[in-house]
Structure formats: C-alpha cells, structure tokens
Amino acid sequence: MRTVVALMLLLGPGVASAKVLLDTDLIYFQDSKTTSATSTRTGSFYSGALLVDATGKETLYLGAILGMGSVVISGGTRETFSHQDVILGGRWFIGRQRLMSLSLGYGVLARGDLKESSATPREKWEGTSLYGKVTVAPQFRQWTAGISLIYHQVNYVEKTVQGTTSKDTFQRTMIWPAISLGYKW
C-alpha cells in the first residue's frame, strides 16, 4: 500500500481526480501424466492491481500489482512451490475502443517457497521478477471482463535454508491464459 501512495504522490496533484483501475486475474490448472509412475501437477495464480490514470485520457494507468500463486507436483515424491511478488508497472489500453491492453511490470520484491520432497528442508528464495500481460476485455460501463495471456519470469538470487542465507540462483518462467476482470472508478 505504501508503494501505491508513493506512486500517487509522484504523479502529482492531478491524481486526486484521476480515474482508478482495479484489475484482477485468476488461473487454475491441473494436468496428469500416467506412466509407470503417475504424477499430477496442480497450480494457481492470482493477481490484483491498483492502477491510476497517468494521462487523464484513460489510456495509460500506472501503479502496483500483487501476484501470488503455487504449483504442486504429486507422484512418487511431492514438490511444492509458492510465490508472492510486488510488481510496479502499468497498463496501456490500445485503440479507441480500449478492447485490448498491454501490461508490463518489474517485480521489486519476489519471494518464493520451495519444498522438493519430504526428505529435504524448505527453501525460501528472494529476488526480482518480470511481468507481462496481453488482455482482450470489452468494457461494460465501469467493468471490463475478458481473457489474458500472462508472462511471469522470476529470478531468485538469495536462498535461506534452516536459518542460513546464501547467494544462489533459481529461475522460474511461466506463461498461461487467465480470466481477467477489471473495474474503473
């Protein structure tokens, strides 16, 4: 929340009367692989953005995005990975109809939690991320509803295991479709 307030102060006094956009995305997926060792992968991703009209023309919005999700792989062993990201970015509405938009952001704080099996200790990761999204969503009064294609790349550079922190690298890239819902006021 402090990030959003700081961004509003930087954008100037016109922000008080500016339009605000609340943008959300939701993804849930599951797939199974059946061989001699059956495995199932289940995951989810949720994001919420609070963006402010930066131009007064409702074409470019700037603000903060909170993204979080998890992936669980079950089979012979169980691997769980969850993450939370605070992303600063914007959303640009393309064309007069504003049917399509492009969102880009940089995750200033990315935290991940990885547990590879019951025999290994939990790993906590920290780093940064990149976020991109193309959305097609028609507007109905103040609401927008549609679909998005989301790109999310996380670059972790610090790992903590059982209280010991070390420099290490771990990267995860995900691309998936999502249901998108937005509200302007």
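Which residues of the largest nonpolar core touch the most other members? In this predicted model, I27, F45, Y131, I150 and W176 do so, within a core of 14 residues.

View 1. A second, separate core, made of 7 residues, includes A110, W125, V154 and F170.

**View 2. The surroundings of I150.** Leaving aside residues up to four places away in sequence, I150 touches D25, I27, F45, Y131, G132, K133, M174, I175, W176 and A178. Among these contacts, I27, F45, Y131 and W176 are listed, together with I150 itself, as the core members that touch the most others.

**View 3. The largest cavity, with a volume of about 60 Å³.** The structure holds 2 cavities of 30 Å³ or more, and the largest is lined by F29, S44, F45, G69, S70, V71, F81, H83, M174 and W176. Strand 2, strand 3, strand 4 and strand 9 each give two or more residues to this lining, with the largest share, 3 residues, coming from strand 3. By class, the lining comprises 6 nonpolar and 4 polar residues, and no charged ones.

**View 4. The second largest cavity, holding about 50 Å³ of space.** Its lining consists of D23, D25, S47, A49, L51, I65, G90, R91, S103, Y131 and K133. At least two of the lining residues come from each of strand 1, strand 2, strand 4 and strand 6 (123-136), and strand 2 gives the most, with 3 residues. This lining divides into 4 nonpolar, 3 polar and 4 charged residues.

Conventions
Residues numbered from 1 in each chain as written. Predicted model: local features only at pLDDT ≥ 70, side-chain atom pairs only at ≥ 80, totals over all residues. Heavy atoms only, no water. Core = buried A, V, L, I, M, F, W, Y, C linked by side-chain atoms within 4.5 Å. Buried < 20%, exposed > 50% of the residue type's maximum accessible area, 1.4 Å probe, protein only. Contact = heavy atoms within 4.5 Å. 1 Å grid on protein atoms, 1.4 Å probe; cavity = no way out; pocket = protein on both sides within 12 Å on 5 of 7 lines; lining within 4 Å. Points joined across faces, edges and corners; volume = space filled by probe spheres on them. Helix = DSSP H or I, 4+ residues; strand = E, 2+ residues; numbered from the N terminus. Nonpolar A, V, L, I, M, F, W, Y, C, P; charged D, E, K, R; others polar.
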